[in-house]
Amino acid sequence: MASIAMFARTICKNALGNNKTLTSRYMQVVRCMSSGKFEYIITEKRGEKKNVGFVKLNRPKALNALCDGLMKEVSQALDEFELDKDIGCIVLTGGDRAFAAGADIKEMLEREYAQVYGGNFLNHWSRLASCEKPVIAAVNGYALGGGCEIAMMCDIIYAGEKAQFGQPEITLGTIPGAGGTQRLTKAIGKSKAMELVLTANRMSAQEAEKSGLVSKVFPVDEVVNEAVKTAEKIASFSKITVAMCKEAVNASYEMSLNEGLHFEKRTFHSTFATNDRKEGMTAFIDKRTPEFTDS
Ligand code: CAA
């Protein structure tokens, strides 16, 4: 372990020079890869080709309440899967009873304004939204508060038929702090988002699908496998093209229509600089399966 860490530190220093932030991020990844264990999550590689990064929130007694430690481990797992060239897509899931019941209320109870403002509390959660590889949320049970918010940070949400989505922060005298007023409104529109945020009512999986929050609903014991199957399909494509698709769709949230269309067109043009675009079109003409090289 000590020699792996020393070796990694030397590589980081050579590759990254004096960039302390990046070096420390890489060292965190190396530490958790070396120990192979997380406290609050389980990670593994899934799929026939082991090209799907699988992250399961695993704090069942607290219904996967998102304590700091858990969210830091999720960030570390994403760091690890992002660096892994074999991984083409990631699945994030929880348990049958709860995907996640929100930020950890017991941990938040004694916090003061200066502390949460000064420490920019919840800022590190956005690691999930900035993941370069696609992430599919496979949601069973409660996805409440921060649980709903981290599902919405993912690129696709699949739900088990008993899943429930909601933003109950108002019952705690606070408001959603990780996207519940923003991503939810963009996903399901103002009236439905207002209703969930202002009343703490929950939305069923079926309604979430109808509203566009969720792309598909499956029986409870099938949702994870279905998410992995979709992840395997995504992982079979060129990783460069997949990253471009993800970036272009996400750009639509930030840009005007004309800016977005321009960004899309230029990104489309840039696929012509890749070997995978050539290979994809050649394989079509040759009537064979393309062999992408992520180049
Ligand atoms: N934080 C800390 N602990 C939590 C938790 C949370 N968000 N949600 C559940 N738990 C704990 C409970 O305290 C309980 O622990 P103990 O056994 O030690 O008492 C355990 O998980 C089981 O929970 P319940 O006994 O309450 O289970 P239930 O089946 O009766 O109810 C529930 C389930 C409806 C999900 C209920 O637990 C609940 O309402 N949880 C809180 C949901 C919530 O308000 N989430 C928003 C949090 S704030 C937030 O997320 C802000 C943000 O934007 C980031």
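## Strand 7 and its partners

Y158 stands opposite K216 in strand 10. That bridge belongs with the pairing of strand 7 and strand 10 (residues 216–218), which is parallel and covers three bridges. Two strands count as paired if DSSP finds at least two bridges between them. Strands (E, at least two residues) and helices (H or I, at least four) are DSSP runs, numbered from the N terminus.

The model is predicted: local features need pLDDT of at least 70, side-chain atom pairs count only at pLDDT 80 or more, and totals for chains, interfaces and linings use all residues. Residues are numbered from 1 along each chain as its sequence is written, and side-chain values use heavy atoms, with hydrogens and water left out.

Strand 7 also pairs with strand 5 (residues 135–139), in the parallel sense over four bridges. There, I136 has I156 of strand 7 as its bridge partner. Four of the five residues of strand 7 (residues 156–160) are buried, so the rest of the structure largely encloses this strand. Buried means under 20% relative accessible area, exposed over 50%, and partly exposed in between (1.4 Å probe, protein chains only).

Strand 1 (residues 41–46) and strand 2 run antiparallel and share six bridges. R46 stands opposite V52 in strand 2. Five residues lie between the strands of this hairpin, and G47 takes a positive phi near 95°. K50 sits in the loop between strand 1 and strand 2. K50 is partly exposed, at 47% relative accessible area. Its C-alpha atom is 9.8 Å from that of A235, 185 residues away along the chain.

Strand 2 (residues 52–57) has five of its six residues buried, so it is largely enclosed by the rest of the structure. Strand 2 runs parallel to strand 3 (residues 89–93), joined by five bridges. K56 has T93 in strand 3 as its bridge partner. Strand 2, helix 3 (residues 68–83) and strand 3 form a right-handed β-α-β unit. Right-handed means that, with the strands pointing away from the viewer, the path from the first strand over the helix to the second runs clockwise.

Four strands make an open sheet with mixed pairing, in the order 4-6-8-9. Strand 4 (98–100) and strand 9 (203–204) are at the edges with a single partner strand each, so one side of each has no neighbour in the sheet. Strand 4 and strand 6 run parallel and are joined by two bridges. A98 has Y142 in strand 6 as its bridge partner.

## The ligand site

The shell around the ligand holds 26 residues, of which R97, A103, G146, E149 and G177 come nearest. A residue is near if one of its heavy atoms lies within 4 Å. Helix 4 (105–108), strand 6 (142–144) and helix 6 (146–153) each supply at least two residues of the shell. Helix 4 gives the most, with three.

By class, the shell has 15 nonpolar, four polar and seven charged residues. Ala, Val, Leu, Ile, Met, Phe, Trp, Tyr, Cys and Pro count as nonpolar, Asp, Glu, Lys and Arg as charged, and the others, Gly among them, as polar.

Polar contacts are pairs of N or O atoms within 3.5 Å. A side-chain N or O atom of R97 is 2.8 Å from an oxygen atom of the ligand. A polar backbone atom of I105 is 2.9 Å from a ligand nitrogen atom. For G177, a backbone N or O atom lies 2.8 Å from a ligand oxygen atom. Taken alone, the ligand exposes 990 Å², and the protein buries 68% of that. These areas come from the Shrake-Rupley method with a 1.4 Å probe.

Definitions and conventions:
A polar contact is a pair of N or O atoms within 3.5 Å; within protein, one must be able to donate a hydrogen and the other to accept it, and residues adjacent in sequence count only if both atoms are side-chain atoms.
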